[in-house]
Structure formats: structure tokens, C-alpha cells
Amino acid sequence: MAFEPPRRLVKALGEAAPSGDDWLEKLPEAAQQAVALRELTVERVQVPGGRSSLVVLVRLPDDTPAVLKLAPGRARPESERAALAHWDGLGAVRLLEPDGAEGVLLLERLYPDVSVRSLAEAKSMLEAAGALRRLWVEPPAGPVFETVAERTGRQAEAMRAGADAEAAPLVDAALAVRDELLAAPPEARLLHGTFRQSKVLAGERSPWLAVGPDPVVGECAFDLARLVRDRVEDLIASPSGSAITRRRVKRLAESLDLDQERVRGWTLFRAVESGVRARRVGRSQDAELLLEFASWL
């Protein structure tokens, strides 16, 4: 079978590494080798798939359905492997091969086309928040994962360098709130890192399980920031979008026993960071949506 990377993946990797690398070029051969080594039967490549990995629906030699995932080093697949191993199926997709080859993950099969986003908005938020809570566990000892301070420190530098005059006031506000939040952080937990509704899929052993973490260690409020802005296009299109956003912050914070201002602060920082990054790679429409959303916070 030819392992043609979906266009969504090709575009996203092109934005992440404009100068290019040879990972995409080597991907078809790497996928063939991974399949042959494990004696897998390929069903299909998941389309449109993700923005940082090739996802292939496969069957194990005993005919058990599974997922083969291949990702470049800059997507931190080994960090994902470590987090999934630590969760061991609690609230997240189960890792079937703890010691696989670098950049290759073999995972249990969920329902790849059924995410929590398919539910009505109020129900989807409730279910997503419940799935996220299960992931917030004590992190393993030692510097296994990047911390929130480290990750946002890198992002803050890029924001300062990439902000234009129009975005500068929001960038200043985002950087200021980051400093305040890091000055006295609550207890650290292992976080999903890139959690949103599309990262929660239906499963057999549990109704909803998280996939695709970019794990980080820090306060739980950081993990809610991306969920708050889910369906941002609908929020921007709504005449009461700003009020809905504030209510969403309040409800999510209350449902998970978190400080509302800390959720709001991290939501602001992460929305501005995403907006500045989107503008830097030429996604001007996404940038406008994200920065307008951030202005409501």
C-alpha cells in the first residue's frame, strides 16, 4: 500500500518547518517498514488526519484493530509515548507498544471519526472536561517532560519577535499575565498540553478517551485554555460571543474546581500566542479570529 501523507499534514509541516526536512520524503518507506516489522494489516490512512503525524488504521496479527502513528521529532512523539505509558489507559488511548521505534507509536483503536465535538455544545464541554480531569495525575519523578514555564518561555520569545504593531498591545497583556501566573503557580500535574474537543474520541472500554497529547507539567488551568476557545469560529460569528466566552471560562473553572482568573489568564496567553504564530506563517484569517477572541478576555 502507498502511504500518501494527507494534504493537511503536508501543509502543517510546511508551516512548522518552512525550510523543509526529509521526514516527509522518508515517510512512505518508514511506514512500510513499521507495518512489516509488526506484521500489521493496513486498512487505510486516516484522512484528513492530524497536523503533526501520519495516522494509519491497522490490524494486529491476531486481527485486533489498532492505530499506527508516525511523527517527526519536532512533534515530540517520545514525550507522547512517555505520557501515554504513565497514564496507562486512564482517560487516554492505551499504548500497545511501550518500547517501539523512535517516532512510531502503536495504539489501541478508538472510533477515529467520532469525537466529543459531535455532541451538542453544552454536552460536549461537559464530557470533554470530565475526560481532561482524569488525565491530571502526579507527574513521574525527574525531568521527563517540559514544564509550562519552559514551554511558554520559548513561546514568549517568539511572540516578542513576531508581533506587529497591531498585535503589540495584546502581546504585552499576554506576557504580563504569564509573569503573574508563573509567580505563584498551584500544584503541578501532568497535562495533556494541547487539549480540545477533537482530541477526545469515542472508545469501547470507556465512552471518551483523550488522544494526541503534547504533554507538559504545570498547573491544570493551563490545560483548559485551548478548550475555552473551541469552536472559535462560531464564537466570533455570534453577536454575544464575548459573553459566551466569559460564561465558558466561568463554567469550566467551576466544574473543575479551578481559579477562574487563572483559567482566563492562560486562555489569553495561549490565544495570543496562537494568533501571532498564525500570522507569522501566513494564516491571516486564523490570526484575526484568535486575536479578536483574545481581546474579549
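F269 is buried, with a relative accessible area of 0%; buried here denotes under 20% relative accessible area, exposed over 50% and partly exposed in between, for a 1.4 Å probe and protein chains only. The model is a predicted one, in which local features need pLDDT of at least 70 and side-chain atom pairs count only at pLDDT 80 or more, while totals for chains, interfaces and linings use all residues. Residues are numbered from 1 along each chain as its sequence is written, and side-chain values use heavy atoms, with hydrogens and water left out.

A pair of aromatic rings is described by the distance of the centres and the angle of the planes. Rings of Phe, Tyr and Trp (its six-membered ring) were paired if their centres lie within 6.5 Å, with planes under 30 degrees apart counted as stacked, over 60 as edge-to-face and the rest as tilted. Helices (H or I, at least four residues) and strands (E, at least two) are DSSP runs numbered from the N terminus.

F222 is buried at a relative accessible area of 1%, and W266 is buried at 0%. The ring centres of W266 and F269 are 5.9 Å apart with the planes at 90°, so this pair is edge-to-face. W266 and F269 lie three residues apart in helix α10 and are thus separated by about one helical turn. F222, W266 and F269 form one aromatic cluster. The charged end of R270 sits over the ring of F222, 4.2 Å from its centre; the criterion is NZ of Lys or CZ of Arg within 6 Å of the ring centre and within 35 degrees of the ring normal.

In helix α4 (residues 121–135), the buried residues are S124, M125, A128, A129, A131, L132 and L135. Viewed down the axis of α4, these buried residues fall within an arc of 165°, so they line one face of the helix; the arc is that of the directions from the helix axis to the C-beta atoms. Exposed residues A122 and L126 are carried on the face of α4 turned away from its buried side.
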